[in-house]
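Welcome! Here are some exercises to work through with the structure open beside you. Try each task before reading its solution.

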Amino acid sequence: AWAPELLAGLDEGRLTGSRQVLESLGRGSPPYKTMSTNSKSGEFFFFSADRRFLIKTVTKAEADLLFRMLPAYQEHLKTVAHSLIVRYAGLHCVNIPGIGETYFTVMVSVFDAGCKVHETFD
């Protein structure tokens, strides 16, 4: 994980805390749901089974940019408590044998997990 101290406690752990992330995405959690998309970026999207978190692969350049922006992002969320900007819960890199480094973000879903999504647009 990149700079977990900057992402931890952005909202005092209400949505982005490690406990919430591990409950939804950890070893004992149900399998992720693939989100169908015709995204031009070619990145992959997954929802946690409880739909609380969205995982999105990103390029190395996007990961580097987000990492550089984290201090300002953290400050913005602290000063604008009801900001509508996405809540990141993680920025990660894994080395997959035969594929190489894969970067991904974990974001709090903007969708209410109790409501069914009927249409999506890219």
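A word before you start: this is a predicted model.

**Exercise 1. A salt bridge inside a helix**

Task: Decide whether Lys60 is buried, partly exposed or exposed, then find which side chain Lys60 meets in a salt bridge.

Solution: 
- Step 1. Lys60 has a relative accessible area of 44%. Buried would need under 20% and exposed over 50%, so Lys60 is partly exposed.
- Step 2. The partner is Asp64, with 3.1 Å from N to O.

**Exercise 2. The rest of the salt bridges**

Task: Work out how many salt bridges a search of the whole structure finds, and locate the one that involves Asp50.

Solution: 
- Step 1. The search finds two.
- Step 2. Besides the pair in Exercise 1, the side chain of Asp50 meets that of Arg52 at 3.7 Å, N to O.
- Step 3. Asp50 has a relative accessible area of 30%, which makes it partly exposed. Arg52 is also at 30% and counts as partly exposed.

**Exercise 3. The turn between two strands**

Task: Describe how S2 and S3 are arranged, and pick out the residue in their turn with a positive phi.

Solution: 
- Step 1. S2 and S3 pair in the antiparallel sense, over three bridges. As one example, Phe46 has Ile55 in S3 as its bridge partner.
- Step 2. The two strands form a hairpin, with five residues between them.
- Step 3. Arg51 lies in this loop. Its phi is positive, about 65°, although Arg51 is not a glycine.
- Step 4. With a relative accessible area of 22%, Arg51 is partly exposed.

**Exercise 4. A covered strand**

Task: Find out how many residues of S3 are buried and which strand lines up with S3 over six bridges.

Solution: 
- Step 1. Six of the six residues in S3 are buried.
- Step 2. Take the faces in turn. One side carries Phe53, Ile55 and Thr57, the other Leu54, Lys56 and Val58, and both faces are covered.
- Step 3. The strand with six bridges to S3 is S5, and this pairing is antiparallel. Within S5, Tyr103 stands opposite Val58.

**Exercise 5. The nonpolar cores**

Task: Identify which element gives the largest share of the largest nonpolar core.

Solution: 
- Step 1. This core has 13 residues, and those with the most contacts inside it are Leu54, Ala63, Leu66, Tyr73 and Tyr88.
- Step 2. The elements giving two or more residues are S2, S3, H3, S4 and S5.
- Step 3. The largest share comes from H3, with five residues.
- Step 4. Finally, notice a second, separate core of eight residues, including Val21, Leu25, Ala89 and Phe104.

Terms used: Residues numbered from 1 in each chain as written. Predicted model: local features only at pLDDT ≥ 70, side-chain atom pairs only at ≥ 80, totals over all residues. Heavy atoms only, no water. Core = buried A, V, L, I, M, F, W, Y, C linked by side-chain atoms within 4.5 Å. Buried < 20%, exposed > 50% of the residue type's maximum accessible area, 1.4 Å probe, protein only. Helix = DSSP H or I, 4+ residues; strand = E, 2+ residues; numbered from the N terminus. Pairing = 2+ DSSP bridges. Salt bridge = Lys/Arg side-chain N within 4 Å of Asp/Glu carboxyl O.
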